[in-house]
Amino acid sequence: MGRFVRRMSEKITRRDALKLGTSAAVSATVSPFLASGTGHHAPVTSEHLPADSPFPPPVGDDEICFMRAKDLASLLRQKKLSSREVLEAHLKQIASVNPKVNAIVTLVPEDQLQGQALAADEAIAKGNWLGPLHGLPVGVKDLHSTKGIRTTHGSPLHKDDIPDFDCLVVEREKKAGAIVIGKTNVPEWGLGSQTFNTVFGPTLNPYDLTKTCGGSTGGGAVALACGMVPLADGSDMGGSLRNPPNFCNVVGLRPSPGRVPNSPTNLGWFTLSVDGPVARNVTDCAFFLSVLAGFDRRSPISIDQPGSQFAQPLAGRDFKGVRVAMFKDLGLPWEMAVRDAVKAQGKVFESLGCIVDEAEPDFRDANECFLTWRHWAVELDFGDILEANADKLNEYVHWHVQEGRKLTGPQLARVEAKRTDLYQRMRAFMEKYEFFLLPVNQVLPFDVKTHYPTRINGVEMENYIAWMKSAYYISTVGNPAMGVPCAFSPSGLPIGLQIVGRHNDDWGVLQMAYAFEQATNAGKRRPPIL
């Protein structure tokens, strides 16, 4: 359910695309660095890792693929690992695991990747450090435009498109030194929290290959869970940075609107859709956000604060006396395993010193507000092309366009007034409680052949996203929210907890999520397919 608004400009040819990275490869091939015996490093010991690293130094591909991204970056900068070694380990993991789960749907040609890794190593050897992600592979969501790399949006309309530009998120990743390793799978246009499309098929949950991984950042979450990438970007309109991590035992942050500017977009003032980070742990999520966040004039809602604030150590905050609200039921139906697992986490927060009350905001009108503006936005994007491409646009697009065409000016005005009242109720609630805890969504991972749950605990779902209300209610008010692993069902399926913070307090959410993660360690359980 991430942002589907991504305009393609002029395309470049596949021949041009293959040339991208070639100059770097040639330069690196003839460099003195290559001739001097690269690839052999002094033994890596724990003294080379950050003081807060919980991991031993890497000694093989498996350790590299599941090491914290922040630690890999540190070792790369110290020349204790090479970018080529890191890349090779991840390419081996992709070759071994990706055929089982279908998470990475476009892989950049290996010769290009090797050329970029070699150039990254050469730069480090000369003392030219590009930034925090120097030499690290990153998985990019297939809704995000990537120069010279196929970007399909999961749609047959764009199955062969190769953009000639990078969106701002990818622009920042590259500026920080990252190597885009490939594109991760999404639902068609990012609509729905179940990752499948007619171009590439479904992405499977690595904890149970018969189940969905969620969406729309499904490919990214699975790639992380399986050690195929150290970091993955994503987007979130109704839960797409929270639900795939929730289903795949990784973490994802929906930042405050404007925290990560989302250029290019034709809805510059729109606050429902945001871009953000997905990672295997909270530390890496904050580390990645430090690169993605920051002011940019191309976005009219961009927050004028630097991303570097998120590179600070997360540990050390004392949560004694912090008031936290645990949800009641939000008036929604729940699978009991999800509801009970999340409620049981109250004891963990109490052990951190928090005062935990059972309380929740008044979310009346949240459903109407979210659906109305979603209908409006989808109609804007597809209304003019629906009839000419009816057979190439899925049923969700048809429904949203039909509903969007019914909207009137007075109706939109009243819905926006309701949303403002909702925000003020949420603000007042969060003045009493610093954090609000609830499930990411209302169900466990379901059959991958099922497009969406039609009933929950005997209650019929009125549309394809009704089972995601506990996620998109939060989108509607705009508070930062993070999905973090908390438990497993009796059948071994991941269950995540959603931590919601005060308006624009992304840092507080990360601090609380980190403290919770350290107290539980639920996220360290790897998928059984590995």
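Buried here means under 20% relative accessible area, exposed means over 50%, and partly exposed is in between, using a 1.4 Å probe and protein chains only. The side chain of K469 meets that of E462 in a salt bridge, 2.7 Å from N to O. E462 counts as partly exposed, at 47% relative accessibility.

Before going on, a word about what we are looking at. This is a predicted model, where local features need pLDDT of at least 70 and side-chain atom pairs count only at pLDDT 80 or more, while totals for chains, interfaces and linings use all residues. Residues are numbered from 1 along each chain as its sequence is written, and side-chain values use heavy atoms, with hydrogens and water left out.

Now, back to the charged pairs. Side chains of opposite charge can pair when their charged atoms come close. For us, a salt bridge is a side-chain nitrogen of Lys or Arg within 4 Å of a carboxyl oxygen of Asp or Glu. How many salt bridges does a search of the whole structure find? The count is 25.

One of them joins R259 and D506, with the closest N and O atoms 3.1 Å apart. R259 lies in the loop between β7 (251-254) and β8 (274-279), and D506 in helix α18 (residues 506-520), so the pair ties together parts that are 247 residues apart in sequence. Helices (H or I, at least four residues) and strands (E, at least two) are DSSP runs, numbered from the N terminus. Are these two partners buried or exposed? R259 is buried at 3% relative accessibility, and D506 is buried at 0%.

Next, please find E171, R172, D296 and R298, which are linked in a network of salt bridges. Within it, R172 pairs with D296, the closest N and O atoms being 4.0 Å apart.

Let's turn to the nonpolar side. A nonpolar core is a set of buried Ala, Val, Leu, Ile, Met, Phe, Trp, Tyr and Cys residues joined through side-chain atoms within 4.5 Å. The largest one has 150 residues, and L133, F363, F436, I499 and L510 touch the most other members.

Finally, confidence: pLDDT is the predictor's confidence in each residue, from 0 to 100. The protein's mean is 92, and 89% of its residues reach 70 or more. Over residues 5-43, though, the pLDDT is below 50. Where pLDDT is low, the predicted coordinates should not be read in detail.

Methods. Contact = heavy atoms within 4.5 Å.
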